[in-house]
Amino acid sequence: MIPYPARLLDITMNKNAIPGDWKKAIVVPIYKGGDRSVGGNYRPVSLTSMVCKQLEHVIVGYLRQVWEMSAWLCEGQHSFRPWYSCESQVVTFCQDIVDSLDEGVRTDAIIIDYLKAFDLVPHDRLLTKITATVVDLRVVVWLREFFLGSLQRVRANGQLFEEVRVSSRVPQGSVRGHLQFFAYVNDVWRNNESNIWLFADDCVIHRKITDSNDIDKSQTDLTD
């Protein structure tokens, strides 16, 4: 079966065209906790074409390989990467705190969980960031085609709701969604003097505080 999806990927890559069915997603709300009547307590997971998912694995593998080899990915990003995990983020952060305690130095830390982070990613800005990396431009065009005319509809309580156009977001539940989100937030550490450790859209920013200037710098980093 391998030659058939390989041929399909070759055609879509070189023809700059994506089948319309690949751009359609059924969104299933997954309950996270809290009041079940509150929409924010559900995670929207997108169900997409199984054939497309197989091809997305190829693209994601290529992007991850290129970005890892070029050391483009932020070292502080600990999710969905080989040898990284939620545990590695926690251990790294805790080690920084222990080192500060050994030195007798205070540490200020801010823990952030971005609201609707995956849903608010602007497509044009995301593609601009990916284009700036050393990737094959055909891959950028392939990804862009998913955003053009992308549609979704919600399925809940056995009912399919009206189809709507997607103007922003990277789909949770898709193969490429998490990597596209990484690309969008990858430069969060630039022009920032504090330590930043990420796990997807969860973030901790911290720095050692020795005087009032460090407090001001910590606030500046948080604001920027």
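Helices (H or I, at least four residues) and strands (E, at least two) are taken as DSSP runs, numbered from the N terminus. In the predicted model examined here, Asp-21 falls in the loop that joins helix H1 (3–15) to strand S1 (24–31). Asp-21 has a relative accessible area of 57% and is therefore exposed, the cut-off for that class being over 50%.

From Ala-71 to Val-90, 19 residues along the chain, the C-alpha separation is 22 Å.

Helix packing was considered next. Two packed helices are described by the angle between their axes and the distance between the axes. For helix H2 (residues 50–69) and helix H5 (residues 137–147), the angle is about 140° and the axes lie 12 Å apart. H2 is therefore oblique to H5, since only angles over 145 degrees would count as roughly antiparallel. The crossing of H2 past H5 is left-handed. On the H2 side, the contact is formed by Cys-52, Leu-55, Glu-56, Ile-59, Tyr-62 and Leu-63, and on the H5 side by Val-139, Trp-142, Leu-143 and Phe-146. Sorted by class, the residues in this contact comprise 9 nonpolar and 1 charged, with no polar residues.

The model also contains an open sheet of 3 strands, ordered S3-S8-S7, with antiparallel pairing. Strand S3 (106–113) and strand S7 (195–199) are at the edges and have a single partner strand each, so one side of each lacks a neighbour in the sheet. From one strand to the next, the twist averages 15°. Strands of a sheet pair through backbone hydrogen bonds, either parallel or antiparallel. Between S7 and strand S8 (residues 202–209), the antiparallel pairing extends over 5 bridges. Among the residues involved, Phe-199 has Asp-202 of S8 as its bridge partner. Helix H7 (residues 212–223) packs on this sheet and touches S3 and S8, and the direction of H7 makes about 160° with that of S8.

Note on methods:
Residues are numbered from 1 along each chain as its sequence is written. This is a predicted model: local features need pLDDT of at least 70, side-chain atom pairs count only at pLDDT 80 or more; totals for chains, interfaces and linings use all residues. Side-chain values use heavy atoms; hydrogens and water are left out. Axes are lines fitted to C-alpha atoms, for helices over the stretch in contact, and angles run from 0 to 180 degrees between N-to-C directions. Angles under 35 degrees count as roughly parallel, over 145 as roughly antiparallel, 65 to 115 as roughly perpendicular and the rest as oblique. A crossing is left-handed if the near helix is turned anticlockwise from the far one by less than a right angle, and right-handed if clockwise. Contact means heavy atoms within 4.5 Å. Ala, Val, Leu, Ile, Met, Phe, Trp, Tyr, Cys and Pro count as nonpolar, Asp, Glu, Lys and Arg as charged, and the others, Gly among them, as polar. Two strands pair if DSSP finds at least two bridges between them. Buried means under 20% relative accessible area, exposed over 50%, partly exposed in between (1.4 Å probe, protein chains only).
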